[in-house]
Amino acid sequence: MNLFSNSEEAFNEDVLPTYSQGIAMLVLSRKKDEKIIIGDSITLMVIEIKNDKVRLGIEAPKDVTVHREEVYAAIKAQSEHDSTNCETP
């Protein structure tokens, strides 16, 4: 997995590869109104920074689902619960 899209970013001290659960994570610093581009179709923008909260704007195609982590976990848990309680004929 290549963490850097170009050699300029590889030498930027704000770009820090870290590891979470054995998976590489690219850590970037952004200021208000700055963006991060993911692939060709997803854009993250820092909308507001207030106290300890950061508001992000996300532009993505309609077929890409976007959830906060806790919402995704609840959806996944409900889906697993439904599949284990599903009666088979």
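1. Two strands count as a pair if DSSP finds at least two bridges between them. Helices (H or I, at least four residues) and strands (E, at least two) are DSSP runs, numbered from the N terminus. With those terms in hand, strand 4 and strand 5 form a hairpin that has two residues between the strands. In its turn, Asn51 has a positive phi of about 55°.

2. Some ground rules come next. This is a predicted model, in which local features need pLDDT of at least 70 and side-chain atom pairs count only at pLDDT 80 or more, while totals for chains, interfaces and linings use all residues. Residues are numbered from 1 along each chain as its sequence is written, and side-chain values use heavy atoms, with hydrogens and water left out.

3. The protein chain contains two helices and five strands. Read from the N terminus on, the elements follow the order α-β-β-β-β-β-α.

4. Which strands form the open sheet, and in what order? Three strands form it in the order 3-4-5, with antiparallel pairing. Strand 3 and strand 5 (53–59) are the edge strands, each pairing on one side only. From one strand to the next, the twist averages 25° (axes are lines fitted to C-alpha atoms, and angles run from 0 to 180 degrees between N-to-C directions).

5. On one side of the sheet, strand 3 (residues 35–38) and strand 4 (residues 42–50) run antiparallel and are joined by four bridges.

6. Strand 4 and strand 5 pair in the antiparallel sense over seven bridges.

7. How many residues of strand 5 are buried? Buried means under 20% relative accessible area, exposed means over 50%, and partly exposed is in between (1.4 Å probe, protein chains only). Of the seven residues of strand 5, zero are buried, so strand 5 lies largely in the open.

8. Across the protein chain, buried residues make up 6% of the 89 residues. The chain exposes about 8,100 Å² (Shrake-Rupley method, 1.4 Å probe), and carbon and sulfur atoms supply 52% of that area. A contact means heavy atoms within 4.5 Å. Among contacts with a separation of 6 or more, residues 24 or more positions apart account for 0%.

9. Side chains of opposite charge can pair when their charged atoms come close. A salt bridge is a side-chain nitrogen of Lys or Arg within 4 Å of a carboxyl oxygen of Asp or Glu. By this rule the count is four. One of them joins Glu34 and Arg30, with the closest N and O atoms 3.7 Å apart. Glu34 is partly exposed at 28% relative accessible area, and Arg30 is partly exposed at 38%.

10. Another salt bridge joins Arg55 and Glu48, whose closest N and O atoms are 3.5 Å apart. Arg55 is exposed at 52%, whereas Glu48 is partly exposed at 27%. Arg68 and Glu70 also form a salt bridge, and their closest N and O atoms are 2.7 Å apart. Arg68 counts as exposed at 55%, whereas Glu70 is partly exposed at 49%.
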